[in-house]
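Hi,

Here's the structure I promised to pass on.

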Amino acid sequence: MKQISFDIDKKIRLDEFLKVNHFSKNLFLSIYKDDILINGKHAKRNSKLKPGDKVTIDLKDEENNYEPINLDIEVLYEDDDIFVLNKPDKLTMNTDGEESLANFVSYLFEQRNINQKVRFINRLDQDTSGVVMVAKNKIAQAY
C-alpha cells in the first residue's frame with residue numbers, strides 16, 4: 001500500500017484542504033472511509049487542521065485489471081505518480097481480447113510492484129501515435 005502525505009502550514013478544515021488541493025468530491029468520498037489520517041489517527045470529514053499537522057492518504061492496493069504483456073513501447077518519463085509513454089500507431093488503448101497499451105501498462109505495474117488499476121490521463125485513437133500519460137494511482141489521475 002502506498003501513502004501520500006501533506007504537511008499542513010495553516011489552520012483549515014480537512015474538507016477545505018482537500019478541495020484547495022484539487023480533490024474532487026467524488027475522489028474525496030472514494031478515499032475517505034478509513035483512508036485519511038491526521039497525525040496517524042483516522043480523520044473525520046470536518047476535522048480541523050493546524051500548522052504542523054500531517055495528513056496522510058492511504059492508497060489501498062487494487063487488482064490489476066489487464067493481462068500484463070511486455071510490448072516494445074518507449075517510456076519517455078516516469079516519476080512517483082505518472083508514466084509518459086510513446087504510443088505507436090495501430091495499437092488500441094484498452095481493447096479486450098487483443099494486445100493494447102493497457103496490457104503494457106499492466107506489465108509495467110507488475111514489474112514495479114504497483115498494485116493499482118490502469119488509469120489513462122489522456123487517450124489517443126488506435127491509428128494515432130503520440131504521447132499518453134498514465135496515472136499510477138487515483139490521486140494522480142485526479143490532478
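**Salt bridges and where they sit**

Lys 2 is partly exposed, at 31% relative accessible area (buried is under 20%, exposed over 50%, partly exposed in between, with a 1.4 Å probe and protein chains only). Its partner is Asp 81, and the two side chains meet in a salt bridge at 3.7 Å, N to O (that is, a side-chain nitrogen of Lys or Arg within 4 Å of a carboxyl oxygen of Asp or Glu). The pair links distant parts of the chain, 79 residues apart: Lys 2 is in strand β1 (residues 2-7), Asp 81 in the loop between β7 (74-78) and β8 (82-87). Helices (H or I, at least four residues) and strands (E, at least two) are DSSP runs, numbered from the N terminus. Asp 81 is partly exposed too, at 32%.

One caveat: this is a predicted model, with local features needing pLDDT of at least 70 and side-chain atom pairs pLDDT 80 or more, while totals for chains, interfaces and linings use all residues. Numbering runs from 1 along each chain as its sequence is written, and side-chain values use heavy atoms, leaving out hydrogens and water.

Strand β1 also holds Asp 7, which pairs with Lys 54 of strand β6 (residues 54-59), so parts 47 residues apart in sequence are tied together. Asp 7 is exposed at 60%, whereas Lys 54 is partly exposed at 37%.

Then there's Asp 35, buried at 7%, which forms a salt bridge with Lys 60 at 3.1 Å between the closest N and O atoms.

The structure holds 9 salt bridges, and Glu 78, Arg 112 and Lys 136 are linked in a network of them.

Cheers
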